Amino acid sequence: MSGSNLTLDHVGVAVPDLEIGRQTYAALGFQLTPRSMHSGSVEPGGPVVPWGSGNHCAMLERGYVEVLGLVDAELHSSVKHLLQRYHGAHIVALRTPDAEVAHARFLATGIPARAPSTLQRRLDDENVLRFRNIYFDGPDFSQARFIAIEHQTPDLLWQPNLLEHPNTATSLRSVTIAVAPDDVEQTRALYSRAFPFAPQQNQAIQVESSAGLEASLPGPAPCVTGFEIGVRNIETCQAVLAANGVPHTRAADGSIHVPPSAAAGAHIMFTQD
């Protein structure tokens with residue numbers, strides 16, 4: 001993979017109660033990481049303080065799912081502005097091997113991307129996760145909270161003991177974004193120009209029309225409607241969902257569909273990987 005090629009890194013689902021979100025995704029058959037609390041500056045240049053939100057992650061062989069939500073609504077959190085729009089999937093993170101190379105490529109193609117920010121999050125008493133994030137500005141990228149991320153400590157995040165899931169999940173295959181009917185082709189063209197995915201992931205972002213879908217969307221379009229998870233064994237996945245009482249349907253092509261009501265606002269499709 002070249003320095004400018006991207007892969008789908010993770011999708012972030014925002015929930016108003018982190019513990020309920022954890023229970024929801026555990027019922028879907030994901031093994032989740034322990035709770036990690038957020039912290040940061042409330043104002044530019046201010047001291048780093050505890051925030052009222054945290055996350056749990058389902059680490060996959062390719063990509064991961066982040067469940068982020070509130071623990072103390074009285075404290076500051078960047079999750080709050082996401083929840084004001086709707087409850088469900090918001091963050092679409094794209095992985096780059098080199099943030100500086102990716103940023104230069106974005107600017108060269110006229111994409112309004114901020115310079116890489118160096119961030120860190122404590123994993124436990126001994127280990128700190130380090131990464132560099134590129135954020136995208138402007139109304140053209142209002143469909144989701146897009147991030148390009150360079151992981152500097154990937155071995156700490158993708159630990160072998162975290163990659164086995166009861167539902168046999170192995171990969172985050174794609175995310176789906178709904179836009180107004182008149183904006184579909186324009187949005188597809190924008191993503192094609194802005195996000196140079198590695199060839200094997202050229203379907204990582206799916207764009208569909210919101211026409212006729214209003215009742216099933218988590219909020220007003222544009223929005224992230226859900227994502228596709230590849231599993232090692234689709235029959236085992238269905239058995240886990242059934243055992244946990246998770247409503248789902250099986251399509252003619254064998255894929256399993258979980259409605260937003262059972263996945264914290266996100267539609268999830270499980271497919272054989």
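**View 1. Secondary structure and overall dimensions of the predicted model.** The protein has six helices and 14 strands (DSSP runs numbered from the N terminus: helices are H or I with at least four residues, strands are E with at least two). This is a predicted model in which local features need pLDDT of at least 70 and side-chain atom pairs count only at pLDDT 80 or more, while totals for chains, interfaces and linings use all residues. Residues are numbered from 1 along each chain as its sequence is written, and side-chain values use heavy atoms, leaving out hydrogens and water. Along the principal axes, the C-alpha atoms fill a box of roughly 50 × 45 × 35 Å. Of the 273 residues, 50% are buried (under 20% relative accessible area; exposed is over 50%, partly exposed in between; 1.4 Å probe, protein chains only).

View 2. Strand 12 pairs with strand 13 (residues 256–258) in the antiparallel sense, over two bridges. Isoleucine 256 in strand 13 is the bridge partner of arginine 250.

**View 3. The nonpolar cores.** The largest nonpolar core has 61 residues (a core is a set of buried Ala, Val, Leu, Ile, Met, Phe, Trp, Tyr and Cys residues joined through side-chain atoms within 4.5 Å). Strand 9 supplies the largest share of this core, six residues. Among the residues with the most contacts inside the core are Tyr25, Phe195 and Phe227. Phenylalanine 227 touches, among others, Val11, Tyr25, Leu172 and Ile268, not counting residues up to four places away in sequence. A second, separate core of 20 residues includes Leu70 and Trp158.

View 4. The whole structure contains zero disulfides (pairs of cysteine sulfur atoms within 2.5 Å). The sulfur of cysteine 57 is 19 Å from the closest cysteine sulfur, in cysteine 237, which is too far for a bond. Cysteine 57 is buried at 3% relative accessibility, and cysteine 237 is buried at 0%.

How values were computed. Two strands pair if DSSP finds at least two bridges between them. Contact means heavy atoms within 4.5 Å.
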